[in-house]
Amino acid sequence: MVKAAVLGASGGIGQPLSLLLKASPLVDDLALYDVVNSPGVAADLSHISSPAKVTGYLPKEDGLKNTLEGADVVVIPAGIPRKPGMTRDDLFKINAGIVRDLITGVAKYCPKAFILVISNPVNSTVPIAAEILKAHNVFDPSRLFGVTTLDVVRASTFVAEVTGEKDSRSIVVPVVGGHSGDTIVPLLSLARPPLSIPTDKCDGLVNRIQFGGDEVVKAKDGAGSATLSMAFAGFRFAESVIKAVGGEKGIVEPCYVYLPGVPGGDEIAKVVGIDFFAVPIELGPNGVAKATNPLGSINEREKELLEVAIKGLKSNIDKGVEFASAEP
Ligand code: NAI
């Protein structure tokens, strides 16, 4: 039996993500939580002929507790999205508090759940989540993930557009670092199958992957950021976690984790000099089975990108940790 909970389920990401989870045969129980409209979203989804039982809760009457009790996987897309001209960091003020409160609920009601943080800025909200879980003595780094799958999905799609490959799913590009602008480091030199793209085109491609989110923000013209592609990516990651926990082997997804606390992560943390960082993670029954280190064989240009990313990440991480330590 798998219970999945979505916090922020009525939003632009939350609704299509909940739809995909409801349609999945891997989910038996789906609990939806939001400050508005979650009972309506749940009622709508409950008419779909798939196995999952769906319930929707608001904050009143112990809604968060009822959503989270017994949850195996908690996906968090709660919080405000970007408008044109905003960076993900601009969202910090509001979303930091939202994530803190929701993670406090996770710590109390389902401390063993796998936690998938989508709320931006992921570079800072995941460190906040870690600090809150630590304060409740329930932090298991192998169970806390910042979802960076959309960067990986974009990398495959944009590379395929350049190479002419029809099915972008056959292209795998490791994307490391963080999840915003130049903290996103696509490692085109390690793509599988290997790419033969001229160097001048590589720079443009890297830039498009790093700032792909801006294309959507601009096109939506004030109505938000990526929601449907993010729901696809968030579902892919949630499904990968559920499958790996169920015993499926060999599932690897890049995601943003607390390196010193996960198998294989310590050595990578020493290389990058920061604790939170996205690398390809092999998933297993307990979450992270192994963090893999692709940095040993990257090219000179990628080393430069990495340096810039680490600098940005350092300050994003510090900001999250400071916020969580300062707040009651
Ligand atoms: P949205 O505004 O459409 O939906 C957010 C939902 O969160 C709303 O339904 C709102 O009522 C709910 N909410 C607000 N406070 C809450 C609380 N305290 N408890 C529970 N629910 C609460 O926003 P959208 O487009 O769905 O984006 C959500 C977040 O995901 C944003 O922070 C956005 O930046 C981020 N995002 C992350 C991506 C990633 O790759 N990790 C990609 C795209 C967006």
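Why does the radius of gyration of the protein agree with that of a compact globule? With 328 residues, a compact globule would have a radius of gyration near 20 Å, and the protein has 19 Å, which agrees. The radius is taken over C-alpha atoms, and the globule rule is 2.2 Å times the number of residues to the power 0.38.

Two remarks on the basis of this talk. This is a predicted model, in which local features need pLDDT of at least 70 and side-chain atom pairs count only at pLDDT 80 or more, while totals for chains, interfaces and linings use all residues. Residues are numbered from 1 along each chain as its sequence is written.

Along the principal axes, the C-alpha atoms fill a box of roughly 60 × 45 × 45 Å. Of the 328 residues, 49% count as buried, that is, with 20 or more other C-beta atoms within 10 Å of their own, the C-beta atoms being placed from the backbone. The protein has 11 helices and 11 strands; these are DSSP runs, helices being H or I of at least four residues and strands E of at least two, numbered from the N terminus.

Let us turn to the domains. The protein is divided into domain 1 (3–146) and domain 2 (148–318), with bounds from an automatic or database domain assignment. Their centres, taken over C-alpha atoms, are separated by 22 Å. The contact between them takes 35 residues from domain 1 and 38 residues from domain 2, two residues being in contact if their C-beta atoms, placed from the backbone, lie within 7 Å. On the side of domain 1 that touches domain 2, the largest share, six residues, comes from H5. The residues of that side divide into 23 nonpolar, seven polar and five charged. Here Ala, Val, Leu, Ile, Met, Phe, Trp, Tyr, Cys and Pro count as nonpolar, Asp, Glu, Lys and Arg as charged, and the others, Gly among them, as polar.

The ligand is surrounded by 34 residues, of which the closest are Gly8, Gly11, Gly12, Ile13 and Asn120; a residue counts as near if its C-beta atom, placed from the backbone, lies within 6 Å. Helix H4 (residues 92–109) supplies the largest share of this shell, four residues. By type, the shell holds 18 nonpolar, 13 polar and three charged residues.

Terms used
Buried ≥ 20, exposed ≤ 12 C-beta atoms within 10 Å, placed from the backbone.
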